[in-house]
Amino acid sequence: MAHSLEHLFAVALRAECEEHQLDLKVLDVSPMGCRTGYYLTVLNPAGALPLSRATEAVRAMLPGALEIGELPGARLETCGAYREHDFEGARAEIARLTREEIVPLERPPLLT
Ligand SMILES: [Zn+2]
């Protein structure tokens, strides 16, 4: 399910950034190994994306992620883990996250 979330988050966040013309390239949105949060990895000009704006974009992309009708990129040709996907499980997790508070961590504990 975790890798399915990565696929859905990446596609939905890229769409969110494109819609709002944010000057960044989303590389990855992935669950932390300990499952207490998510890492967002982007390329953007230094200082161009305040953490508050990134958090807003993540919050805003969740409904879009729920609207995706088919798991993107989940084929042998595009994903080495294509057999391990859990689209419905990922959708249930996203639905849960829409009811949670999104709390950005400027300095995640394991990275300091
Ligand atoms: Zn994949």
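Gln 21 is placed in the loop between H1 and S1. In this predicted model, the residue follows just after H1 and takes a positive phi of about 50 degrees, although Gln 21 is not a glycine. Because Gln 21 has 6 C-beta neighbours inside 10 Å, the residue counts as exposed. The loop between S1 and S2 holds Gly 33. Gly 33 likewise counts as exposed, because 9 C-beta neighbours lie inside 10 Å. A separation of 17 Å was computed between the C-alpha atoms of Gly 33 and Pro 104, which stand 71 residues apart along the chain.

The C-alpha trace spans about 40 × 30 × 25 Å along its principal axes. Of the 112 residues, 19% are buried. Among contacts between residues at least 6 apart in sequence, those joining residues at least 24 apart account for 61%.

The confidence of the prediction was examined for the chain and for its elements. The mean pLDDT of the protein is 88, and 96% of the residues score at least 70. Confidence is highest in H3, at 95, and lowest in strand S1 (residues 25–31), where the mean is 84.

Helix H1 covers residues 2–19. Its 18 residues should span 26 Å at 1.5 Å a residue, and the end C-alpha atoms are 26 Å apart, which agrees. The buried residues of H1 are Ser 4, Leu 5, His 7, Leu 8, Phe 9, Ala 10, Ala 12, Leu 13, Glu 16 and Cys 17. Their cover includes S1, H2 and H3.

Helix H2 (residues 51–67) contains 17 residues, and the distance from its first C-alpha to its last is 25 Å, close to the 24 Å expected at 1.5 Å a residue. A kink of about 30 degrees occurs in H2 at Met 61, shortly before the proline Pro 63. Met 61 is also buried, as are Ala 57, Val 58, Leu 62 and Ala 65 of H2. An α-helix has 3.6 residues a turn, so residues three or four places apart point the same way. The buried residues of H2 pack against helix H1, strand S2 (38–43) and helix H3 (87–97).

The largest nonpolar core has 18 residues, of which Leu 8, Phe 9, Ala 12, Leu 13, Val 29, Met 61 and Ala 65 touch the most other members. At least two residues of this core come from each of H1, S1, H2 and H3. The contribution of H1 is the greatest, at seven residues. For Val 29, contacts beyond its neighbours within four places in sequence were also computed. The partners of Val 29 in these contacts are Glu 6, Phe 9, Ala 10, Leu 13, Tyr 38 and Leu 40. Phe 9 and Leu 13, both in contact with Val 29, are buried residues of H1.

Note on methods:
Residues are numbered from 1 along each chain as its sequence is written. This is a predicted model: local features need pLDDT of at least 70, side-chain atom pairs count only at pLDDT 80 or more; totals for chains, interfaces and linings use all residues. A residue is buried if 20 or more other C-beta atoms lie within 10 Å of its own, exposed if 12 or fewer, and partly exposed in between; C-beta atoms are placed from the backbone. Two residues are in contact if their C-beta atoms, placed from the backbone, lie within 7 Å. Helices (H or I, at least four residues) and strands (E, at least two) are DSSP runs, numbered from the N terminus. The expected span of a helix is 1.5 Å times one less than its number of residues. The bend at a residue is the angle between axes fitted to the seven residues ending there and the seven starting there. pLDDT is the predictor's confidence in each residue, from 0 to 100. A nonpolar core is a set of buried Ala, Val, Leu, Ile, Met, Phe, Trp, Tyr and Cys residues joined through C-beta atoms within 7 Å.
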